[in-house]
Amino acid sequence: MTFELPSSRSSDLWQPNRQMSKLSEGAAKFIFTLFALVSVATTLGIILTLIFETIEFFQVVPLWQFLTEDRWTPLFADAHFGIFVLVSATLLTSMIAMLVAAPIGLLAAIFLSEYASPKLRQFLKPILEVLAGVPSVVYGYFALLFVTPLLQQFIPDLQGFNGLSAGLVLGVSIIPLIASLSEDAIYAVPRSLRDGVYALGGTKRESITSVVLPAALSGIVASLILAVSRAIGETMIVTLAAGQNPTLGFNPLVPIETMTAYIVQVSLGDTPAGSIAYKTIFAVGMTLFLITLTLNIFSFWFVRRFREKYE
Amino acid sequence: MTVQDSKKSLFINPLPNSDMFTANLPQRYRLDRLFVLCCQVAIALSVLALAVLMYDFLVDGLPRLNWQFISSFPSRKAASAGIAPALVGTIWMLVVVALVAFPVGIGAGIYLEEFAGDSWFSRIIEVNINNLAGVPSIIYGLLGLQIFVRGMEPITGGRSVLSGGLILSLLVLPIIIVTTREALRAVSDSIRQAGAALGATQWQVVREQILPIAVPGILTGTILALARAIGETAPLVVIGALTFVPYLPTNLQSPFTVLPIQIYNWISRPQPAFHDNAAAGIIVLMLVLLSMNATAIYFRNKFQKMRA
């Protein structure tokens, strides 16, 4: 379509190329849609990769053996595949980590949101961000070469590799996650609720424990679940500090091997593709993926189910 | 004083049974102070942890840190070993991730925020991105091992710079997408409406008006994502980055190592001299990360000022 403009005006001044605009609009939309699909492809890739290799693994090792055996020795001639040996180690380190991180992270969040002056907040938040950005290999160094020797002075039975110091440092590494997510949830509770408690004669602590925390509960629980999921998937701290010795049980003083540490151990060795040892890392990865996925879905569900909405 | 006191007693006395309601303020205030103390201890412990962590590797590593350490190749002798290939490998990773993850992540963010609207399709992608952000990084390593290292070996060259860069790009993609969306959402709608009223297409409005305003916010998130990528160890160990590389990677298909893997390798050796090397390597890694963090914070402050 062309428009006849009055000849007295110069129509050369502004002639947008609409054809071109439409074309670039379409091209941009198309390319960006493809980019958005990359994330879907990643998820599919992860699931398919894990499923294919895991199916091949279970053709050799029956599922009941995987779930019931009490030894994990896939690299030995006398091979046993009891996944619970690795799962117990992962549970142990994650539990110790949460015992450290949940109270400290939550109290730190309360302090930042309720007690800290704006100036102090501006000073503390970047520190937590730095703590969150420290690479896990650095935490691993800290756990193995600082925390373990330190603890050995108090606990003589503590071995060089152990679940205790790995769990403690793992806890330190997830404090920032709990603190910042919980703080967002606590900060979002409207001021009027706090004022209500004061009007009833409550103290600041009472306003926090009886009103603010229950109101922020969904966000706090979600942050704790995400922290558990992060602790379970963490690799380098537990590989370096907890050892590579698959032991069933929950003794925090002896070397153990978590699921992630096992994957690293096999990856560093010279394991030919297609061998049963190679397939075990995908079966272990599948277990890890299912556990963290369940936790993440549960956390989303919890937020949706229990979120308090305020105007 | 006396008047006030009598008023107080007047106010309390009418209650028939004063045991039923005792304010017991001293006790409650004591609990309050205890509670504040707990909170202060918690935050102090977090700060202390960071301080002790830094003190630990600074004391161990600083004596070892010199130009020889930065420019040397790894060696069986701790005193002559260095991080040159690891540092160069980390820079390669930085470049690959920046070239791959920035455009893809920002593009996906623009699509979801500006073009997609609220369809079932965009909601699936959104849920999917949230889930991806919770997948442990070592799982990405398994994906990379199967797809990039084995499946696409003719293109990537197997356990190469390209495979490593691609897997780290996928790993940080959710972070970049989410921060891009937040930065775009913060731009006022009136600008979009004004653009549309002037006859601009959606893409023209995004390109000419929205993006320039959102750029500092996007940069903050992408730099933090980049920092996350170069601190990662686990996925690169899984795809088989080498622990002993006596040469510099020359192209995208070269085998490679990165700083965190070199550090990991030194920590896991029994000799204490190598542990000091690891500490010195950590100092270099942390310097790189902290300077990236500082850049990100600079852009964030700039962004917040622009919006204000």
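Colleague: What percentage of the 308 residues of chain B count as buried?

Modeller: This is a predicted model, in which local features need pLDDT of at least 70, side-chain atom pairs count only at pLDDT 80 or more, and totals for chains, interfaces and linings use all residues. Residues are numbered from 1 along each chain as its sequence is written, while chains are lettered from A and ligands numbered from 1 in the order in which they are written. A residue is buried if 20 or more other C-beta atoms, placed from the backbone, lie within 10 Å of its own. By that criterion, the buried part of chain B is 46%.

Colleague: Over which residues of chain B does pLDDT stay under 50?

Modeller: pLDDT is the predictor's confidence in each residue, from 0 to 100, and chain B averages 86. Where pLDDT is low, the predicted coordinates should not be read in detail. In chain B, the stretch under 50 is residues 1–7.

Colleague: At which residue does H10(B) bend?

Modeller: Helices are DSSP runs of H or I, at least four residues, numbered from the N terminus. Helix H10 of chain B covers residues 202–231, and its end C-alpha atoms are only 37 Å apart. Pro212(B) follows the bend within four residues.

Colleague: Which helix gives the largest share of the side of chain B that touches chain A?

Modeller: The contact (C-beta atoms, placed from the backbone, within 7 Å) takes 69 residues from chain B and 70 residues from chain A. With 19 residues on the chain B side, the largest share comes from helix H2.

Note on methods:
Contact = placed C-beta atoms within 7 Å. Helix = DSSP H or I, 4+ residues; strand = E, 2+ residues; numbered from the N terminus. Expected span 1.5 Å × (residues − 1). Bend = angle between axes of the 7 residues up to and from the residue. Buried ≥ 20, exposed ≤ 12 C-beta atoms within 10 Å, placed from the backbone.
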